[in-house]
Amino acid sequence: MNEINTNMVPFPKMSFLSSSFNHLVTANSKISSKRLKEELFFACCNRSNQLVQVDPLGPKSVLLASTLIGRGEYSTADLQGYIGKLQAKGRFTSWSKKAVKMGLCNVPPNGQNVALFSLFNTTGMFGLFQHIAKQFSSLFRKQAHIHHYTNVSSFEMDFFDECLESLRDVMHKYKSLENVGPQTIPRLEPRSCD
């Protein structure tokens with residue numbers, strides 16, 4: 001878990017990951033192993049296969065961190081090829097394009113030969129959080145479900161505002177990275193010892 005946090009969270013508070021796990025293949029499948037692995041890779045990058053409603057390779061999404069973990073009959077060369085395809089297809093920040101983490105596990109899921117797991121930290125989270133904030137605001141205006149919280153001793157109505165403000169802060173952080181360009185930092189020049 002510490003390794004995932006270290007590799008996948010580029011800035012504090014930006015610790016929200018989109019994940020996909022693809023391994024469901026019919027046992028009678030006549031598809032070749034190479035083609036099957038390719039299809040699993042494309043499926044794990046597809047919006048419809050993410051476990052949260054985020055499109056990691058969408059037109060506005062910028063990948064801040066990425067991980068691909070293959071289980072079963074994968075090789076290092078397989079995953080390096082998929083990383084190349086991911087780098088060609090996705091939009092990355094200047095610091096994250098070459099920093100795609102990969103992992104291999106030679107034990108496949110039960111009843112399968114291969115499976116692929118992906119993690120993406122992407123600015124696409126902004127859209128998900130925007131949707132959540134909109135739903136919250138709509139329910140809060142109607143005072144819906146408020147009693148579940150206000151019946152708890154020491155709960156204050158200000159907590160709702162604090163939570164919404166915290167969510168908006170995270171949204172702003174993700175949104176601000178959608179258009180960030182490469183940064184040039186001048187090298188330090190050695191001083192002369194006169």
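**Figure 1. The whole chain, by its helices and strands.** Helices, of at least four residues, and strands, of at least two, are DSSP runs numbered from the N terminus. On that basis, this predicted model has six helices and four strands in its protein chain. Of the 194 residues in the chain, 35% are buried. Among contacts with a separation of 6 or more, 82% join residues 24 or more positions apart. The chain exposes about 12700 Å², and 54% of this is supplied by carbon and sulfur atoms.

**Figure 2. Lys13 and its salt bridge to Asp169.** Here we zoom in on one of the five salt bridges in the structure. The closest N and O atoms of Lys13 and Asp169 are 3.2 Å apart. Lys13 belongs to the loop between H1 and S1 and Asp169 to helix H6, so the pair ties together parts that are 156 residues apart in sequence. Both ends are partly accessible: Lys13 is partly exposed at 49% relative accessibility, and Asp169 is partly exposed at 26%. While you are here, take a look at the backbone of Lys13, where phi is near 75 degrees, a positive value in a residue other than glycine.

**Figure 3. Asp78 and Lys37, a salt bridge between two helices.** The side chains of Asp78 and Lys37 meet at 2.8 Å, N to O. Asp78 sits in helix H3 (residues 76-89) and Lys37 in helix H2 (residues 33-45), so this pair ties together parts that are 41 residues apart in sequence. Lys37 has a relative accessible area of 8%, under the 20% cut-off, and therefore counts as buried. Asp78, at 21%, counts as partly exposed.

**Figure 4. Glu178 and Lys175, another salt bridge.** In this view, the side chains of Glu178 and Lys175 come together at 3.1 Å, N to O. Glu178 is buried, with 9% relative accessibility, whereas Lys175 is partly exposed at 33%.

Figure 5. Ser154 lies in the loop between H5 and H6, and its phi is near 70 degrees, a positive value for a residue other than glycine. Ser154 is exposed, at 66% relative accessibility. Glu156 is also placed between helix H5 (147-150) and helix H6 (158-176), and is partly exposed at 45%. Together with Asp158, Asp161, Glu162 and Glu165, Glu156 forms a negative surface patch.

Definitions and conventions
Residues are numbered from 1 along each chain as its sequence is written. This is a predicted model: local features need pLDDT of at least 70, side-chain atom pairs count only at pLDDT 80 or more; totals for chains, interfaces and linings use all residues. Side-chain values use heavy atoms; hydrogens and water are left out. Patches are made of residues with over 30% relative accessible area and no salt bridge: like charges are joined within 9 Å, nonpolar side chains (Val, Leu, Ile, Met, Phe, Trp, Tyr) within 5 Å. Accessible areas come from the Shrake-Rupley method with a 1.4 Å probe; for residues, only the protein chains shown count as cover. A salt bridge is a side-chain nitrogen of Lys or Arg within 4 Å of a carboxyl oxygen of Asp or Glu. Lys and Arg count as positive and Asp and Glu as negative; His and the chain ends are not counted. The place of a charge is taken as NZ of Lys, CZ of Arg, CG of Asp or CD of Glu. Buried means under 20% relative accessible area, exposed over 50%, partly exposed in between (1.4 Å probe, protein chains only). Contact means heavy atoms within 4.5 Å.
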